[in-house]
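Here is a short report on the structure shown below.

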Amino acid sequence: MSETATAAATKWALDPTHSEVQFKIKHLVISTVTGSFKSFQGTMQSPGDDNFENAQLEFSLDVDSIDTNQEQRDGHLKGEDFFDTAKYPTIKFVSTSFVKDGDAYKVTGNLTMKDVTKPVTLEAEYGGSAVDFYGNHKAGFEVTGKINRKDFGLTWGAVTEAGSIVLGDDVKLIANVQFAKQA
């Protein structure tokens, strides 16, 4: 972005009280387990208040805030078999392109998890913008995508005695995020 474009850009900060980050993964190939991350932050710069073409997005989350509604499973996920939060406490995403695609945007960027960085493309459905009761200009998106956990070093796996795979490889990502325009 040029210096002039940066000066004219609209700056946004993620509103965590009106946002959520979830994931879904197959368990035993017959059902889906849903989890979420409770602590995250993000910023965005866009060319205007309602124009997000070529926006720049940065997002990070605290992996230790994982919640699958089952304490023992959460502990396992935080451990060395999976995220190893003691060594790798953060997952980060930095966009490299934000392109209008029909009624949505294709957001491509670098996702870093467990010190492995890979390009991923996500879909961001723009929900619109509004001014809240306090005069804050907000913009909302539903971001979805899919990654293969093994691409990021999450390779733990097991097979039951009956031969069922305990955990699928594909992870669906769902984030409903609201950004607040900054002064």
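## Charges and strands in a predicted model

Glutamate 20 has a relative accessible area of 39%, so this residue counts as partly exposed. Buried means under 20% relative accessible area, exposed over 50%, and partly exposed in between (1.4 Å probe, protein chains only). Glutamate 20 sits in strand β2, residues 20-27. Helices (H or I, at least four residues) and strands (E, at least two) are DSSP runs, numbered from the N terminus.

The model is predicted: local features need pLDDT of at least 70, side-chain atom pairs count only at pLDDT 80 or more, and totals for chains, interfaces and linings use all residues. Residues are numbered from 1 along each chain as its sequence is written, and side-chain values use heavy atoms, with hydrogens and water left out.

The protein has two helices and eleven strands. Their order from the N terminus is α-β-β-β-β-β-β-α-β-β-β-β-β. Of the 183 residues, 37% are buried.

Strand β7 (residues 90-101) pairs with two strands listed here. Two strands pair if DSSP finds at least two bridges between them. β5 (residues 56-62) runs antiparallel to β7, with five bridges. There, aspartate 62 has threonine 90 as its bridge partner. Nine bridges join β7 to β8 (residues 104-113), also antiparallel. Valine 94 partners asparagine 110 in β8. Two residues lie between the strands of this β7 and β8 hairpin, where glycine 102 takes a positive phi near 70 degrees.

The structure holds five salt bridges. A salt bridge is a side-chain nitrogen of Lys or Arg within 4 Å of a carboxyl oxygen of Asp or Glu. Three of them are tabulated.

| Pair | N to O distance |
|---|---|
| Aspartate 15 – lysine 138 | 2.7 Å |
| Lysine 138 – aspartate 132 | 3.7 Å |
| Lysine 78 – aspartate 64 | 3.8 Å |

Salt bridges with shared partners join Asp15, Asp132 and Lys138 into one network. Aspartate 15 and lysine 138 are both buried. Lysine 138 has 11% relative accessibility, so it counts as buried. Aspartate 132, at 24%, is partly exposed.
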